[in-house]
Amino acid sequence: MYTATDNGSVGSTTGKGRNYCADFSGSNYLSIATTEYDIAQLLSGKQWTLSFWHKGSQTVNKSLMGTENSSSQGLDIQINNTQGYLVILFDNVVQLSVDISADDDTWKRIVITCSNDILKLYVDDELVGYKSDSGTLTDSSVDFYLGALNSNGTASNNFTGQLEEFCLFDSPRDEDFIEHDWNDGRGRYYAEITTQATGGGLKL
């Protein structure tokens, strides 16, 4: 569980699960400080799994989450293009760009695994994107933002929509784990966001 700081009064609404999801307006965001958990350092090791629920209708250059330094080094996960592509960037270089109809305002379960140079993207338990030679992912050494990209301390490309059950594992999960997580209901029926946004932060 991570404590995220609320910046700009992030809302909360009924989510995919039985609790609450974070509801972003396009001008606010949540931040997880490196002192809380150094997500940027973990990501740069390229041995991880990142998963979350997403719902929204925006398309062009809106960052769901990410962190980068003054040299644009770090991770950026964004919705881009008029078709609703999910785009994953390492050090400002596109690694995967997959049409998942991310702009249709329906809940989707996103799972991204990174194992050294193998990057995989799953949507609702289906493998939809794969890259066998992913590029460099540098430790940005700055906080991780949800609902926007942390561009060296400044929120940019703020997202309008909902995110729920943000989870980060320090190893690449295999397909059996991802399928089990989907089928047994852990991803479908409960949320890791357990308190409403009140300005004091959220437990993720």
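This is a predicted model: local features need pLDDT of at least 70, side-chain atom pairs count only at pLDDT 80 or more; totals for chains, interfaces and linings use all residues.

Analyst: Start with strand 1, residues 3–7, where the side chains alternate.

User: What makes strand 1 and strand 4 a pair?

Analyst: Pairing needs at least two bridges. Strand 1 and strand 4 (residues 29–32) have 3 bridges, in the antiparallel sense. D6 has L30 as its bridge partner in strand 4.

User: How many aromatic pairs are there in the whole structure?

Analyst: The search finds 5 aromatic pairs. In one of them, the ring centres of Y29 and Y145 are 4.4 Å apart, with the planes at 25°. Stacked means planes under 30 degrees apart, so the Y29 and Y145 pair is stacked.

User: Why does that pair tie together parts that are apart in sequence?

Analyst: Because Y29 lies in strand 4 and Y145 in strand 13 (residues 144–146), parts 116 residues apart in sequence.

User: Why is Y145 called buried?

Analyst: The cut-off is under 20% relative accessible area. Y145 has 6%, so Y145 counts as buried. Y29, at 16%, is buried too.

User: What makes F169 and F177 edge-to-face?

Analyst: The angle: edge-to-face needs over 60 degrees. The planes of F169 and F177 are at 80°, with 5.7 Å centre to centre.

User: Which residue lies over the face of F177?

Analyst: R173 does, at 4.7 Å from the ring centre.

Terms used:
Residues are numbered from 1 along each chain as its sequence is written. Side-chain values use heavy atoms; hydrogens and water are left out. Buried means under 20% relative accessible area, exposed over 50%, partly exposed in between (1.4 Å probe, protein chains only). Helices (H or I, at least four residues) and strands (E, at least two) are DSSP runs, numbered from the N terminus. Rings of Phe, Tyr and Trp (its six-membered ring) pair if their centres lie within 6.5 Å; planes under 30 degrees apart count as stacked, over 60 as edge-to-face and the rest as tilted. A charge sits over a ring if NZ of Lys or CZ of Arg is within 6 Å of the ring centre and within 35 degrees of the ring normal.
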